[in-house]
Amino acid sequence: MTLAVSATAAWQSERNRLLGIAYRMLGDFGHAEDVVSEVAIEAVRQERNTASGHVDSWPAWLTTVCVRRSIDRVRQLAAVREDYTGPWLPEPVDNAQLPEETVANRELLSLTLLHLAEQLAPEARAALVLHRAFGMPAPEIAAILDKTPAAVRQMISRAERRLDIDPNAPAPRAKDRAVLEKLVEAIEQGEIDTVVAMLHQDAVLWADGGGKVKSAMNPLFGSARIARFFAGILGKAIAFDPVEPVRAWVIGINGGAALVLRHHGRSDVVEVDAGPDGSIRGLRQLSNPDKLTRLSQLT
């Protein structure tokens, strides 16, 4: 077996795991695929350049390059996202399109956590992803990030507190579909009061239209404002189609489930974040059609 084949074989074996790392880092599947492809090219170059030295562990080498390239890409995208029209939300991906290795551990895969993780510094996000989603110990992460193990442990601890993650909790299970099914029924029946009753009084809604479709330009805080927002959608939908103004159903995304709202000839995808009491604390609505290309069952 030649060295080049060895590099290619190693990358092919690790590709899905690398994709899981990059997607959790970037919240954009297309950019994650680009990063993983760049890692493949870099691996071949590394083997061909004998002056660079022998690679003792290709999985470790590939992981290091993937993480560092993802960090660079996060920094590059930060400026772009600052100019984004309205709130920026991660790109959802159909469960069927996600590699098995990516969804096996749902940790840090939901739109909610991908969105919240945007507030972390790139290296802190990398440390959290490697530790929580891939079970890597601090010394291994330290070697990748060129930090001390103590510094890595501190980054992980601070990141978990910031995202309100219980460090001792297991990976989260899929969202309770009962909450979504109840929401589907209420929306289709036009029962706004039921929707309001399901919302926590301090609930927040983020809507990402990306300037491509009409959407809320700023986060909506509080159940009353969110209720008015949905009432407005329903009112306009009735004027558009009095017979079947809104259709709603549940689909599988990002290792969990989300709601599809079909109205005005367009589809919105909504992930809900329910608290321990079952009340909805957060809603993330994806309306930008450019971000819905990796989802099926939208019509």
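A search of the whole structure, a predicted model, turns up 2 cavities of 30 Å³ or more. A cavity is a set of points on a 1 Å grid over the protein atoms alone where a 1.4 Å probe fits but cannot get out. Volume is the space filled by probe spheres set on the points. Local features need pLDDT of at least 70 and side-chain atom pairs 80 or more, while totals for linings use all residues. Residues are numbered from 1 along each chain, and hydrogens and water are left out of side-chain values.

The largest cavity holds about 90 Å³. Its lining residues (an atom within 4 Å of a point) include Phe230, Ile233, Leu234 and His263. Helix α11 (223-240) gives the most, with 3 residues. By class, the lining has 8 nonpolar, 1 polar and no charged residues.

The second largest cavity has about 40 Å³. Among its lining residues are Arg24, Leu108, Arg125 and Leu128. Here α6 gives the most, with 3 residues. This lining counts 6 nonpolar, no polar and 2 charged residues.

Now the helix pair. The axes of α2 (residues 29-48) and α3 (residues 58-82) come within 9 Å and cross at roughly 135°. The contact (heavy atoms within 4.5 Å) involves, among others, His31, Val35 and Val39 of α2 and Trp58, Trp61 and Leu62 of α3. It has 9 nonpolar, 3 polar and 6 charged residues.

Note on methods:
Axes fitted to C-alpha atoms, helices over the stretch in contact; angles between N-to-C directions. Helix = DSSP H or I, 4+ residues; strand = E, 2+ residues; numbered from the N terminus. Nonpolar A, V, L, I, M, F, W, Y, C, P; charged D, E, K, R; others polar. 1 Å grid on protein atoms, 1.4 Å probe; cavity = no way out; pocket = protein on both sides within 12 Å on 5 of 7 lines; lining within 4 Å.
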